[in-house]
Amino acid sequence: MRVLVVEDDLIVTEAISRSLSENHYAVDTAEDGAIGWECVESTTYDLILIDVGLPKLDGITLCQRIRDRGCGTPILLMTAKDDTTYRIRGLDSGADDYLAKPFDLEELQARVRALLRRGTVAASPVLTVGKLRLDPRSCQVTCAEKLLPLTPKEYSLLELFLRHPARVFSCGDIIEHLWTFDDPPQEESVKSHIKGLRQKLKAGGAANWIENVYGLGYRLREGIEANPEQSMQTYDDRLAQLWKQYRGLMEERFAVLQQAAHTYPLSIELRAAAASAAHKLAGVLGMFDRDEGTQIARQLEKQFEEQAELSAEEVRSLVRRLGDILNLSTPVETGANSLNLPEMRNSESEVLYTDRDARQSLRSWTVLAVDDDPIILATLKQLLQPWGMCLTGIDDPLQFWTALTTINPDLLILDVEMPHMNGVALCQAIRANPTWQSLPIVFLTAHQDTATVQQIFAAGADDYVVKPIVGQELLSRLTQRLERLRLLQTLSTKDSITGLANQFYSSQAIEAQLHNHQITDLAILYIPTLRQINIQQGHLIGNQILKQTGHCLQSHFSNNETLGYWGNGEFIIASSQTTRAMFQQQLSEVVAMLQRQQLETPNLIYYFAVVNYPTDGLTLRSLYQTASLCLEGSIHE
């Protein structure tokens, strides 16, 4: 984990840095608030420690500026002034915790561990995935209860993966998280540490748990050794198999070009078939490391489409060069009357690539691809599946609307030129449909001209990738779109001020839990004076109160409770694994802490009411009504 310490006292800085470094944290330091701000702007940190009394830019102002930037990194404020006013100002500025000097370094370590736990999957201090167990307090790692002797960097790598399971980290990401500005390593050094960690995990019984995601980086994935053929087979191996699988189709396309090269003058039918064959070869050859073949195929496509000024011998020379690159030797007779156009295989209009088992085991995103070239579809599947994307490909656009409603994809990939339907026109139709108008759309096209690109974006596309496909570029573009979609989905389920689930999403979650008898008690925590505070002191103060309340609830309740903010100062907490007395005690402690933190806020009052399922109601609506009546009685007492 990477930590920034902003402290102007060099002795304190040295003591904190040494203590954190001994516990495997990468530590950057800044001697004033201005330098600290530059560090935050240029680097992603897992935790920031800030002294309040800093030169140039004081700690509280720095904290506010970090939060105004939208950065959610945990912040621990430090000060020698043990004054309630400073603590309140610091927490109101967006800090997550406060530590008064002089402090014990072991207490500092405990607070650091607590802050790093927030927002991670594990609710307990110990990070656990499967049989792997990492304890930040003792810095020990066990696998199936067997102690693993990791180096400091191997330990930090594993902690990074465990705190962010399923996330892919590039070498640059890993360097940014685990090394300081003073000692940035080369990528080869990162790979060496990854290799060492893999070997020790394998010795402990967790072989192949660190997965290499082609073109992007590394992620921790439990149990991938259960399918060794898939995990060990490289992308190049799969491409070689695809080349062998579709060799016959390549020969058919090449035969069309040979026929056109030896037949002059060309009929309209043969010219169109040759242009189509060259176009499809141009779209796939680059994916098989035959870039020169792509360039030749594009020259031939231009020749047959636009009747470029190439002699018959020049066309034949290009076709011969293409045949050498393809390593194909289809014998072709010369003479217009002796040749027949090869018929397209039925499968080329009937291909439907799906993998429902992969969707169940790897389901993260579903992608629908529409392209009339089955080689493109097969390659896309091989490229995207290891990344956790389940691809369905159709090469007949007439099947599109049926496939769209059946699959309900997270992202759509379209080709520009297809039989029966133009991809640009299809994109326009999707954008005009209220159900699908927000679906992310990425085009694959062999065209790079400005007019085509303008048409694509005018139709409503989000992005485009030029054929032949470069795996790393395609993955990067798709993951950017899907991560943005994930962010929008998160924003649609969470309240932006409190960070808790919004009314719609939390209601659905609670109703589902009630249906399964997973809830024992329901509470409403209410701020009746919120509207008055907003009027008298402004919404900025009111929003700070809501934000602090949300943070406090998240820190006091575990994953066993469902938390939500329903607006107008009303918080909902649904409990499943505590007694009513313990639940009420927790709420009393939360209210006491909130009121201590907001001592200088006049008229701030909290009330709460707890009701029991099924005694006080069988539905969320009835429980809410009962709790509301209890609140009204408490307020008017």
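Phe557 is buried, at a relative accessible area of 5%. Buried here means under 20% relative accessible area, exposed means over 50%, and partly exposed lies in between (1.4 Å probe, protein chains only). This is a predicted model: local features need pLDDT of at least 70, side-chain atom pairs count only at pLDDT 80 or more, and totals for chains, interfaces and linings use all residues. Residues are numbered from 1 along each chain as its sequence is written, and side-chain values use heavy atoms, with hydrogens and water left out.

**Aromatic pairs**

Rings of Phe, Tyr and Trp (its six-membered ring) pair if their centres lie within 6.5 Å; planes under 30 degrees apart are stacked, over 60 edge-to-face, and the rest tilted. The count comes to six aromatic pairs. One of them joins Phe400 and Trp401: the ring centres are 5.0 Å apart and the planes stand at 70°, so this pair is edge-to-face. Phe400 is buried, with a relative accessible area of 0%. Trp401 is partly exposed, at 33% relative accessibility.

Phe557 pairs with Phe583. Their ring centres lie 6.1 Å apart with planes at 75°, so this pair too is edge-to-face. The pair links distant parts of the chain, 26 residues apart: Phe557 sits in the loop between α23 (539-556) and β19 (562-565), and Phe583 sits in helix α24 (residues 580-597). Helices (H or I, at least four residues) and strands (E, at least two) are DSSP runs, numbered from the N terminus. Phe583 is buried, at 0% relative accessibility.

Another ring contact involves a charge. Arg65 lies over the face of Trp37, 5.4 Å from the ring centre. The rule asks for NZ of Lys or CZ of Arg within 6 Å of the ring centre and within 35 degrees of the ring normal.

**Helix α17**

Which residues of helix α17 (residues 400-407) are buried? They are Phe400, Ala403, Leu404 and Ile407. Seen down the helix axis, these buried residues fall within an arc of 105°, so they line one face of α17. The arc is that of the directions from the helix axis to the C-beta atoms. An α-helix has 3.6 residues a turn, so residues three or four places apart point the same way. On the other side of α17, Thr402, Thr405 and Thr406 are exposed. Just after α17, Asn408 takes a positive phi of about 50°.

**Helices α23 and α24**

The axes of α23 and α24 come within 10 Å and cross at roughly 140°. That makes α23 oblique to α24. Angles under 35 degrees count as roughly parallel, over 145 as roughly antiparallel, 65 to 115 as roughly perpendicular, and the rest as oblique. Axes are lines fitted to C-alpha atoms, for helices over the stretch in contact, with angles from 0 to 180 degrees between N-to-C directions. The crossing of α23 and α24 is right-handed.

**Backbone in the loops**

Where is Pro614 found? Pro614 is in the loop between β21 (607-612) and α25 (620-635). The peptide bond from Tyr613 to Pro614 is cis, with omega near 10°.

Technical notes: A crossing is left-handed if the near helix is turned anticlockwise from the far one by less than a right angle, and right-handed if clockwise.
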